[in-house]
Amino acid sequence: MIRPIIALVGRPNVGKSTLFNRLVGRRRSIVHDEPGVTRDRLYGTATFERWQATVVDTGGFDPGTESNLIAAVRDQVMAAIAEADLVVFVVDGRAGLTSLDEEIARILRRSQRPVLVAVNKIDNAGREAEGADF
């Protein structure tokens, strides 16, 4: 059976690796406050009862930066998007909608992949309104 591939995409430090670890049920991806810790694609299996999917953690996506490291991360993210059956666009609800989020959204629209937006870091009912911009 071929499992669907779900790519987690977003700008640096929005919680992609934390979500990845939660979905695969163990700490496989490094979670750190410093941007740039996740660089390559990391694959894991998410299991919900009898259903399974391959989940791909990606580095922080910054399409406009031209440094060699950021360009390499961007290439990894674009490869993950290309192979995905679904892209989960992870955003930071506390930070609000940023110009970088908008730029990533434009790229995801052009990818022709289904996209689900996951507003992260609004952990209680009092913060739910912070996700409205997305």
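Where does Asn13 lie? Asn13 sits in the loop between strand 1 (5-9) and helix 1 (16-24); helices here are DSSP runs of H or I with at least four residues, strands are E runs with at least two, and both are numbered from the N terminus. Keep in mind that this is a predicted model, where local features need pLDDT of at least 70, side-chain atom pairs count only at pLDDT 80 or more, and totals for chains, interfaces and linings use all residues. Residues are numbered from 1 along each chain as its sequence is written, and side-chain values use heavy atoms, with hydrogens and water left out.

**Positive phi**
- Asn13 has a phi near 60°, a positive value in a residue other than glycine.
- Asn13 is partly exposed at 27% relative accessible area (buried is under 20%, exposed over 50%, partly exposed in between, with a 1.4 Å probe and protein chains only).
- Gln112, in the loop between helix 3 and strand 5, has a positive phi near 65° and is exposed at 66%.

**Helix 3**
- Buried residues in helix 3 are Leu100, Asp101, Ile104, Ala105, Ile107 and Leu108.
- Seen down the axis, those buried residues of helix 3 fall within an arc of 165°, so they line one face (the arc is taken from the directions from the helix axis to the C-beta atoms).
- On the face turned away from that side, helix 3 carries the exposed Ser99, Arg109 and Arg110.

**Strands 4 and 5**
- Strand 4 (residues 86-92) pairs with strand 5 (residues 115-120) in the parallel sense over 6 bridges (pairing takes at least two DSSP bridges).
- Val90 stands opposite Ala118 in strand 5.
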